[in-house]
Amino acid sequence: MQQQDEILSNTLTLPEETLFDSISGGGIGTVSRLENAHSDANVERKTLLFDCLRYLFQGALDKELSTVLLLMAIQTLGASVNYKVSLTLLTSIGFIGMILTPITQQLVNRSRWNSMQVSALYFTLIGIAFCCAAFATSWAMFFILMALARICDKQQIPLMIDVYCDNYPKVRRGFKVGTALACMPIGGIIFAQCVKYFWNKNPNHFCYASLLASLLALFCAICFLKIPTRKIVVAQYPSLWDNFKWIARDRLFAAILFLYSLIAIANQMTLPLRVEYLANHKHGLDLSYGTILAIFAVIQPLASVLSGPFWGKLYDHVNLITMRQCVTICFLIGIPLFFATHNFCMICLASVLLGIGRSGGVIFWSLWVSDIAPREKVSEYMSANTAIMGLRDALAPLLGYVLLERLGPWTVGVIAFVLLAFSLLGFEYLQRPLALRKCILDFEK
């Protein structure tokens, strides 16, 4: 209790290298155990409230970046013969930018700002980029602004894990994060309906969607500033490339990254193929766009929203491997089932399983580093994890399209199944090393 009060105080100097500087507004001095517990509860509630609001706005913003942005780009590009190449680059540039997160995270450590202030800065830049894009008249200017928005959106990812570790107790951390993450698909659904209304009124005015996205980014920035956090300042900083070294230094970390990458590739390389499989008549389905939209924009997000708190509770009450295996089983059943049938009800069932698995996967990905990394190195580990995620997410869809063209959707489903099965066995092998790591970390605490 006393440690949490120190972390969330205004200014407090600790021995030697560490200085904790909070923006949450706690007082300095000796407080009673009851007052301290009340302060901890207030920090927890405030963090959950503004994290839920942030995910609500960010879910809408992600829908803009993933879907509406591409439609805007097509409108801006017109009849350019290279528009498919440009759109592919615009889609991938955010994932490629994630490779830079270990470097930008080290730069954040060197700054005077704490992680939430830097997160607010990223989203302010996103808001400015969308506002300017609303009035862009050339493809070059539009591309530069949207590339900036996508890169800034990904740089913020490693900065939340320290907040979760500080502000949420371990026994409730998964449930709190799962509850907040459940707000993300809700924001996306609401935003999609708003944009649909704008386009029905005037289909040629994409600027309204950009201006709305600009406001959403600024709302995200405000929410970040309201989340209690701390600033760690050390006397000496490692090199900018130092975070990448944890992949080579920590064998358990590297092994989990490898197995997780197999799962992510199996899932990511099939994401665009699912749309192709349902829409292309040569696969024997040729469903309407409205039906496809219902599957991907309603059924899967709804499954994610409803299952988020459950996955959070499960994370709090089981070990890391058990949580990971439960999520993998959802994909292990859902992906082959999706490609193995022409029955609409079975495709919907597969989509529900994939939506549930995605929700659990996001919660696991957001928190697993905190279970294997030393507390003072959690954000460094997370930045390396984010860089690997960016690399695999940029390459996986391309791999999927190549496999689809050469081998067909059924074979792609089989390959995904094999990758998932291999990762399932691999994580079972890591049960003992992970239990040993947990004992070491608990002893150090």
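In which helix does L181 lie? Select L181: the residue lies in helix α8.

Some conventions come before the next selection. This is a predicted model, in which local features need pLDDT of at least 70 and side-chain atom pairs count only at pLDDT 80 or more, while totals for chains, interfaces and linings use all residues. Residues are numbered from 1 along each chain as its sequence is written, and side-chain values use heavy atoms, with hydrogens and water left out.

**Whole chain**

Colour by secondary structure. The protein has 19 helices and three strands; helices (H or I, at least four residues) and strands (E, at least two) are DSSP runs, numbered from the N terminus. Colour by accessibility next. Of the 445 residues, 51% are buried, where buried means under 20% relative accessible area, exposed over 50% and partly exposed in between (1.4 Å probe, protein chains only). A contact means heavy atoms within 4.5 Å. Among contacts between residues at least 6 apart in sequence, 80% join residues at least 24 apart.

**Stop 1: α8 and L181**

Select residues 173-181, which form helix α8. Seven of its nine residues are buried, so the helix is mostly covered. The buried ones are R173, G174, K176, V177, G178, A180 and L181. Return to L181, which counts as buried at 9% relative accessibility. Leaving aside residues up to four places away in sequence, L181 touches Y55, V362, I363 and S366.

**Stop 2: L320 in α15**

Move to L320, in helix α15. With a relative accessible area of 8%, L320 is buried. Its contacts, not counting residues up to four places away in sequence, are Y315, F364, W368, D371, I372 and L434. Draw a distance from the C-alpha atom of L320 to that of D371: the separation is 7.7 Å, and the residues are 51 apart along the chain.

**Stop 3**

Two packed helices are described by the angle between their axes and the distance between the axes. Here, axes are lines fitted to C-alpha atoms, for helices over the stretch in contact, and angles run from 0 to 180 degrees between N-to-C directions.

Show α15 as residues 320-340 together with α16; their axes come within 8 Å and cross at roughly 155°. That makes α15 roughly antiparallel to α16; angles under 35 degrees count as roughly parallel, over 145 as roughly antiparallel, 65 to 115 as roughly perpendicular and the rest as oblique. The crossing is left-handed, meaning that the near helix is turned anticlockwise from the far one by less than a right angle, whereas clockwise would be right-handed. By class, this contact has 18 nonpolar, five polar and two charged residues. In that scheme Ala, Val, Leu, Ile, Met, Phe, Trp, Tyr, Cys and Pro count as nonpolar, Asp, Glu, Lys and Arg as charged, and the others, Gly among them, as polar.

Within α16 (residues 344-367), pick S351. S351 is buried, at a relative accessible area of 0%. Apart from residues up to four places away in sequence, S351 touches I295, I299, Q300 and F338.

**Stop 4: α15 against α18**

Residues making the contact include I321, L332 and F339 of α15 and W410, F417 and L424 of α18. By class the contact has 16 nonpolar, four polar and two charged residues.

**Stop 5: α4 against α17**

Select α4 (residues 101-110) and α17 (residues 378-407), whose axes come within 8 Å and cross at roughly 150°. They are therefore roughly antiparallel, and α4 passes α17 in a right-handed crossing. The contact is made by T101, P102, Q105, Q106 and N109 of α4 with S379, E380, S383, A384, T386 and A387 of α17. By class it has three nonpolar, seven polar and one charged residues.

**Stop 6**

Select C220, which is in no disulfide. The sulfur of C223 is 6.5 Å from the closest cysteine sulfur, in C220, too far for a bond. C220 counts as buried at 0% relative accessibility, and C223 is buried at 5%.

Notes. Disulfide = S-S within 2.5 Å.
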